[in-house]
Amino acid sequence: MGPLEVVRDGRPISLPAAKQRIVLATLLLRANRNVSPDELIERLWADDVPHNARSALYTHVARLRRALGEDPGGDGSHRLIRTSDDGYVIDVPPEALDLSRFRALVARAGAGTDAAGAADLLGRALGLWRGPVLAGVPSESLHRDEVPPVVEERLRAVDRWFQLGLRLGRDDEMVKVLKEATAEHPFHERLWAQLLVALHRSGRRAEALETYRSVVALLRDELGVDPGQELVRLHSAILAGDPDAARVLDDGHLPPATQPDDPPPSPVRPRQLPSDLASFTGRRDELAALNALLDREDAHASPPIVIAAVSGMGGVGKTALAVHWAHSVADRFPDGVLHLNLRGFGPGTPVEPHAALELLLNALGVVGQRVPKETDARSALLRSVLAGRRVLMLLDNARDAAQVRPLLPGSRSFVLVTSRNQLRGLAVREGARPLVLGRFSPGESTALLAAILGPERIGAEPWAAAELARSCVHLPLALTIAAEHAMYRPDSPLQSLAEEVRAQRTRLDALDTSDDHEASVRAVLSWSYLALEPPAARMFRRLSLHPGPDVGPGAAAALAGVPVAEARRLLDVLADRSLLERPSREQGRERHRFHDLLHAYAAEQSARTDGAAERTAAVRRVLNWYLHTASRAADLVEPTRRRFPDVIDRAPAEPPALEGPEGALMWVEEERAGLVAAVALSAEHGWDDFTWRLAHALWRFFLITGHVRDWIDTHLRALDAARDTGDPRVLAETMKNLGFAYWRAGHLSEALDHHGRALVLDQESGDGWGEAKTRNHLGFIHDRAGHFAEALRQQQRSLARYREAGDLCGQGRALVGIGNAYRQLGHHSASMVHLKRALAITCEIGDRWGESLALTAIGFTRLTGGYGAEATRPLYRALTISREMGDRWGESMALIVIGLGLLINGEYGDPSHPLCQALAISREIGDRWSESLALTAMGFASLASGRNAETTRYLRRALTVSHEIRCIAGADDLLHEAFRTAMPRAGHQTLVSTLSFHTRLQLRLAAVDAPRALGPSPR
């Protein structure tokens, strides 16, 4: 119940070893019970279990016993920790463990009938808390699995103690305890409400009102939400001078472990550090300085944020130092280690704070539309998510303080920033500790050369090694490259190699006026580059033309115009010479990337050596490789779907092998950053055909995987390119693809506007198939907007056009839309007729995506028609298909309807409930409509089970989602009506209430949107 502390015979015992603290904490949480070796191993190492885990565990237990003062030579009869048949047991009497004492006192308070006695017992129990549970015990799984239930026990005790304090008039005592509790749980509105009551009752009305204003500002600034109705009503009661303001509170409320409006917990503790360098040497003073900063932070009971800013010239080893130190202290940060390359210097554009915040939030489990749109809101949410958590954040290659400042957490974390600038603004305003990194000392330079070349070779020619280090001006990057180069000339004396570097540097010094260290780096790079075989040198230059952050063998082969096997060999050659960072092969991936100085040098050599036509041809080859492969992948994912006709340049000689739909999806996900960058590069060059065709090839993947921001960005560029083509069919297709992205993001007015314009173009150009697709999309958009009759009309006309075009796949999609519209209009029999026809067509032609869509719609119609258990069979088939295809949207829809079916049977409240899963997926892929439906269903499930406070939170969040999408005013009247007309409801009535509330919400939004959203009238 605070930091782990051990006292034996009145003497405190220090346990500096983190692993010993983890073992002891695990045993104490199971005091007097057996703990298996497997559980201890999981608590110690989680997913990074060593091969000798059991032997290592035995060692840690033995050391812990010695630290606790046990006699290793004794007979074991008086040991605290004894070995059982299948694990370990710590024998601790209840009075010796604070958690046991706490539980015993709470139990005695609950068993008694005397209010004053119970309050005293609870006060003693709460007084045992000394801070965050298991503070200083760096076990991810312990903090994930064991700490939250203990925290909940405390909150329940506080709640009960508060009720007793109200009866006994212990207002001042309550204020003290509640101030401590709100400081530890700043987003727990119930605690704030209790504090307001205690302040008001103790005569501190002004302080109560000021506290309320502080809470409102906190919730709005950090979470972007308004306070709940309980706090609002309480504020009104205090303003009115109501002496019995406490009656506003729901006395039967017991706080759940997690409030729905709290910052979303991360499902994982990120561990994002890149690999450490095996040859890392030196930097003892700098490492000691960083350790001292961390130790000073550890000494604080409530440590503030600590920022260390490592600065120095390019190639001096800032990143190597930061990564090495971060690896050495990672186990002291139980809540995770974040790493982000801000690309402040080098190839490509720097990562703006807006995008950097999204990446950091994604790493912490906040994804999709849960990420706010505004930069300030993202920054506030990051601070909220990290509040109370101990995280190491490594921000590498920062441009300036302005790029870093929005990314800083609020407290308890350690931020390590590297930059070529000294970031003085960060030191002045945020108190960053500067650490200027200089070149190596002669001794450090020699040590690095020895680490790479071996001490024997350095010892044989110490003077030559010193000369080589001087020629590289003791710059780590230059030394590494020179040493790697020397490895491939084992018979050459180091003296001759040093002379070559010195001669090359002299030649370059005469050609430019760069600083000394830049000339030395260029000299070493030139020396290594000129030693390459011509094909490797050409590959080195070609890679500088690649648009993405990293490159695989296939794209590299296209750039260089060589077979993939040869490209892979050349990439290995460049990596062996340290001219390219070695690939990452996690899960079979092969990716290479440049150091920023190496990229700049490669681009410089390409501009000097290669002609403009040669460079252009290389870029067009890689763009064609991306386009051809993405088009093939789209055909594999949906082979029955007719695609917009296009003409692709000659296929690459060796297109990548894509094994079915799964292989296609994996390839697109692996190459996604390069594909998005390729669209931007082709738009930059003004190559319109590449731009719109590549975007068109990608839109189906974005629909399935949910990368809405990439979807919109690529298609906005494609829209400009499509306009320049002068082809109305290309423009119409691009508009409807972009419009569907807006549909997915929940921006229905933009979706309707783009589709309305596309429909006009389809009709003017006589493109019947294009019109069929546009009307099909319009039907789905109108359905979400609550225009069910218009949705039916559009889908019927879409079906007619698809029949004229002979497109069976399209007919299946239109029939699903017709079935959905009939269901929304209450015509279940007509809905089932059309949906069964859709299912028959999709199964006949092998349209798996359409089959899943039809099955989900059939299940939904059966469910709303009162078919009960019969509705679930098609839903589970749809769920299986969606998961097999990697279709996240289809998976979320199937889970929502399955979850609605479970509500009928009164099954709700389980965190693994399909509605909870659907909510997480809908947020991940950015589908706001599905998110609002899942929240609505969870709200009515809470209502049916009598959890009114949770009902309010879920339904208010559903309204908030709709407000964020459509900019409507608050819809509190709908919320009040939900309580008035739907409580209490259970079984099928829960489903009816859910769908009624959600439908009325969509109709409310449609009424607001209609004047500006309908666009051109469809003919």
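Asn397 counts as buried because its relative accessibility is 13%, where buried means under 20% relative accessible area, exposed over 50% and partly exposed in between, with a 1.4 Å probe and protein chains only. Asn397 lies in strand β7, residues 392-398. Its phi is near 60 degrees, a positive value in a residue other than glycine. Helices (H or I, at least four residues) and strands (E, at least two) are DSSP runs, numbered from the N terminus.

The model is predicted: local features need pLDDT of at least 70, side-chain atom pairs count only at pLDDT 80 or more, and totals for chains, interfaces and linings use all residues. Residues are numbered from 1 along each chain as its sequence is written, and side-chain values use heavy atoms, with hydrogens and water left out.

Arg283 also has a positive phi, of about 60 degrees, although it is not a glycine. Arg283 sits in the loop between α11 (229-239) and α12 (284-298). With 3% relative accessibility, Arg283 counts as buried.

The protein as a whole has 45 helices and 11 strands. Of its 1019 residues, 56% count as buried. Among contacts (heavy atoms within 4.5 Å) with a separation of 6 or more, 68% join residues 24 or more positions apart.

A nonpolar core is a set of buried Ala, Val, Leu, Ile, Met, Phe, Trp, Tyr and Cys residues joined through side-chain atoms within 4.5 Å. The largest such core has 146 residues, and Met539, Leu543, Leu574, Tyr626 and Trp743 have the most contacts inside it. Apart from it lies another core, of 79 residues, among them Phe102, Val197, Ala198 and Tyr212. Leaving aside residues up to four places away in sequence, Tyr626 touches His546, Ala555, Trp667, Glu671, Gly674, Leu675, Ala678 and Leu694.

Met539 and Leu543 are among the buried residues of α24, together with Ala536, Ala537, Phe540, Arg541 and Arg542. Helix α24 (residues 534-543) is mostly covered, with 7 of its 10 residues buried.

Two helix pairs remain. Two packed helices are described by the angle between their axes and the distance between the axes. Axes are lines fitted to C-alpha atoms, for helices over the stretch in contact, and angles run from 0 to 180 degrees between N-to-C directions.

| Helix pair | Angle | Axis distance |
|---|---|---|
| α40 (residues 888-904) and α41 (residues 914-925) | about 150 degrees | 8 Å apart |
| α34 (residues 768-785) and α35 (residues 788-805) | roughly 160 degrees | within 8 Å |

Angles under 35 degrees count as roughly parallel, over 145 as roughly antiparallel, 65 to 115 as roughly perpendicular and the rest as oblique. Helices α40 and α41 are therefore roughly antiparallel to each other. Their crossing is left-handed, that is, the near helix is turned anticlockwise from the far one by less than a right angle. The contact includes Trp889, Leu895 and Ile896 of α40 and Pro914, Leu915 and Ile921 of α41. Its residues divide into 12 nonpolar, 4 polar and 3 charged. Here Ala, Val, Leu, Ile, Met, Phe, Trp, Tyr, Cys and Pro count as nonpolar, Asp, Glu, Lys and Arg as charged, and the others, Gly among them, as polar.

Helices α34 and α35 are likewise roughly antiparallel to each other, and their crossing is left-handed. Residues that meet there include Trp769, Lys773 and Phe780 in α34, and Phe788, Arg797 and Tyr802 in α35. This contact has 8 nonpolar, 7 polar and 7 charged residues.
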